[in-house]
Amino acid sequence: MKILDDLSALSRYSAQRHSVLSDNIANANTPGYKAQDLQPFDEFYSKARQLNAVDTMDAPIVRMETKAVVSPNGNNVSLDEQMLKTAEAKGQHDMALAVYRKTIDIFRLALGRNV
């Protein structure tokens, strides 16, 4: 079902983004480290559809450097910014899982099974 594929794509994207952001936080004091982020989900999703990916799991998720103020040691990680992005990724992931669960509950109800 398309809705389950869409939610799966959002969940996968959010988990991958959380991993990238946690790498940024882990390297906050590494000289010369450049913070990274993923392309926005809508760009990822539209590219997946343009590629006619049967499943968005086949579509690549692109990393890109973020633009931020560079410290004297060449590092551009802002912990405040990374924490905000992490909360956003968590919210997307939680939303995808909640809607996924509700969709499954609706299917169960339609089949006459207890929710």
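Q: Which residues does S14 touch, not counting residues up to four places away in sequence?
A: Residues are numbered from 1 along each chain as its sequence is written, and because this is a predicted model, local features need pLDDT of at least 70 and side-chain atom pairs count only at pLDDT 80 or more, while totals for chains, interfaces and linings use all residues. Side-chain values use heavy atoms, with hydrogens and water left out. A contact means heavy atoms within 4.5 Å. With residues up to four places away in sequence set aside, S14 touches A89, Q92 and H93.

Q: Is S14 buried or exposed?
A: Let's start with the scale: buried means under 20% relative accessible area, exposed over 50%, and partly exposed in between, using a 1.4 Å probe and protein chains only. S14 has a relative accessibility of 1%, so S14 counts as buried.

Q: In which helix does S14 lie?
A: Helices are DSSP runs of H or I with at least four residues, strands are runs of E with at least two, and both are numbered from the N terminus. The run that holds S14 covers residues 2–26, and its name is helix α1.

Q: How do the rings of Y13 and F44 count: stacked, edge-to-face or tilted?
A: Rings of Phe, Tyr and Trp (its six-membered ring) pair if their centres lie within 6.5 Å; planes under 30 degrees apart count as stacked, over 60 as edge-to-face and the rest as tilted. By this rule there are four aromatic pairs. In the pair of Y13 and F44, the ring centres are 5.9 Å apart and the planes stand at 20 degrees, so the pair is stacked.

Q: How many residues apart are Y13 and F44?
A: Y13 has a relative accessible area of 2% and is buried, and F44, at 0%, is buried too. Their pair links distant parts of the chain, with Y13 in helix α1 and F44 in helix α2 (residues 41–50).

Q: What pattern does the chain follow along the sequence?
A: The chain has three helices and two strands. Read along the sequence, their pattern is α-β-α-β-α.
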